[in-house]
Amino acid sequence: MTYTDISGPPRQMVLETVSVCNLRCPACRLGAGQIDRANDAKQPFMSVELFDKIMSEASKFVKHVYLHLWGEPTLHPEIGYMIKEAKKFATVDLATHGMFVDEKMAQDISLCDSISVSLDGLGQEVYEKYRVRGDYERAMRGMKLLAKAAPGRVNWTWVLFSFNEHQVEDAKKMAAEMGVNIGFKPPYLLDEWAQRELLPKQGYSRYTIVADGTPVLRADRYKCREFWETVYVVPNGDVVTCCYDYNNMIVCGNVLQNSLMEVWNGPVYRGLRGDHLNRRLNRVCATLCKLPV
C-alpha cells in the first residue's frame with residue numbers, strides 16, 4: 001500500500017434518506033424489484049438522530065450533499081428539516097418525481113441549490129409507460145410549484161426512450177414556458193431486450209452497439225474518483241461504495257459505530273483505493289458497474 005490509499009475528507013456526500021418509492025420504473029433497480037436489503041424492511045427511512053450525527057461530522061469538510069439515492073426523498077416526513085440542516089454548510093441537491101410536492105413542500109425544497117424533477121412523457125399515456133403507477137397531472141403540478149418557488153434552479157430530467165423521443169421538441173417548448181431547465185438522458189437499462197427495443201434513436205444513448213449487436217456502455221471504470229471524493233450513506237448508517245452498489249455488496253463501515261473519517265480511511269476503503277490504483281477491479285466495479293475497462 002502507498003500513502004495514496006489514504007484520502008483527505010470527502011467533499012461530496014450522498015445520503016439515501018429514503019430507500020422506498022411508490023413508483024415501479026422498470027429501468028430502475030428499485031422499481032424493478034432488484035434491491036433486496038435485509039435492513040430496509042426494518043428501517044426504510046433514515047432517522048433524524050442518525051442524520052444529525054452525520055451532519056455534525058460532515059459539516060467540517062463536506063461541500064455538497066445529495067439527499068437522494070434510490071428512493072423517493074419526498075416520502076420522508078422530515079425532508080424539509082434535512083434540507084435546512086444540510087444547507088448550513090453545503091450546497092444541496094435533491095431529485096424527485098414531483099408527485100408529492102404541494103405548496104409547503106415546494107417552499108422547503110426551494111432551499112436546495114439544484115432540484116431535479118423526473119418526468120418522461122407528455123400526457124398520462126406516454127408518461128406511465130416508464131413511470132409505472134405514476135400520475136402525470138400530479139407530477140406536472142409538482143414541477144410547476146417548484147418552478148415558481150425556486151426560479152432558475154429546477155431541472156426537468158427526461159429519461160429518453162424510443163416511445164417518448166417524438167415529444168422532445170414539445171417538451172423543450174413547455175420547459176421554456178415554465179422557466180425550467182430541461183435535460184434528456186439515456187436510460188440505465190437492466191436487460192438486453194430493453195436495451196435493444198427501448199433505446200432512443202436520436203443519439204442520446206450512452207451505449208455503443210458492437211458487432212454482435214450488444215449495447216456496451218461508453219465509459220472508463222478506472223477514471224472513477226468516487227473512492228476519493230464521495231461518501232455514500234444508506235438509511236441504517238452503512239457506508240457503501242457508490243450508487244451501483246444498490247444491494248450493499250461492499251459495506252465500508254457504519255457511521256453509528258465509527259465516525260465518518262474513521263470509515264473513510266478504514267481498511268475497506270483503503271483496500272478499494274489500493275485496488276483501483278493498481279487497476280484491479282473490486283467485485284462491485286467488476287460485476288455491477290458494467291462500464292467497459
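Modeller: A residue counts as buried when its relative accessible area is under 20%, and as exposed when that area is over 50%. The model is a predicted one. By that cut-off, 54% of the 293 residues of the protein chain are buried. The chain's secondary structure comes to 11 helices and 11 strands. Among contacts in the chain with a separation of 6 or more, 71% are between residues 24 or more positions apart.

The part I will take is helix α2, residues 79-86. Of the 8 residues of α2, 6 are buried, so the helix is largely enclosed by the rest of the structure. The buried ones are Ile 79, Gly 80, Met 82, Ile 83, Glu 85 and Ala 86. What do the buried residues of α2 pack against? Their partners are helix α1, strand β2 (64-66), strand β3 and helix α3 (103-109).

The packing with α1 can be described in more detail. Helix α1 covers residues 48-58, and its axis lies 11 Å from that of α2, at an angle of about 10°. Angles under 35 degrees count as roughly parallel, and α1 and α2 are therefore roughly parallel to each other. On the α1 side, the residues in contact are Val 48, Phe 51, Asp 52 and Met 55. On the α2 side they are Tyr 81, Met 82, Glu 85 and Ala 86. By class, the residues of this contact divide into 6 nonpolar, no polar and 2 charged. An α-helix has 3.6 residues a turn, so residues three or four places apart point the same way. Met 82, Glu 85 and Ala 86 are buried, and these residues of α2 also take part in the contact with α1.

The largest share, 3 residues, comes from β3. By class, the lining has 22 nonpolar, 8 polar and 6 charged residues.

Next comes a residue of another strand. Phe 184 is placed in β6, residues 181-185. At 15% relative accessibility, Phe 184 counts as buried. The C-alpha atom of Phe 184 is 9.1 Å from that of Asp 120, although the two residues are 64 apart along the chain.

Two loop residues are worth a check of the backbone. Most residues other than glycine have a negative phi. Arg 133 is not a glycine, yet has a positive phi of about 80°. Arg 133 is in the loop between α4 (124-130) and α5 (136-149), and is exposed, with a relative accessible area of 57%. Asn 248 also has a positive phi, near 55°. Asn 248 lies in the loop between β10 (238-240) and β11 (251-254). At 15% relative accessibility, Asn 248 counts as buried, whereas Arg 133 is exposed.

Definitions and conventions: Residues are numbered from 1 along each chain as its sequence is written. This is a predicted model: local features need pLDDT of at least 70, side-chain atom pairs count only at pLDDT 80 or more; totals for chains, interfaces and linings use all residues. Side-chain values use heavy atoms; hydrogens and water are left out. Axes are lines fitted to C-alpha atoms, for helices over the stretch in contact, and angles run from 0 to 180 degrees between N-to-C directions. Helices (H or I, at least four residues) and strands (E, at least two) are DSSP runs, numbered from the N terminus. Angles under 35 degrees count as roughly parallel, over 145 as roughly antiparallel, 65 to 115 as roughly perpendicular and the rest as oblique. Contact means heavy atoms within 4.5 Å. Ala, Val, Leu, Ile, Met, Phe, Trp, Tyr, Cys and Pro count as nonpolar, Asp, Glu, Lys and Arg as charged, and the others, Gly among them, as polar. Buried means under 20% relative accessible area, exposed over 50%, partly exposed in between (1.4 Å probe, protein chains only).
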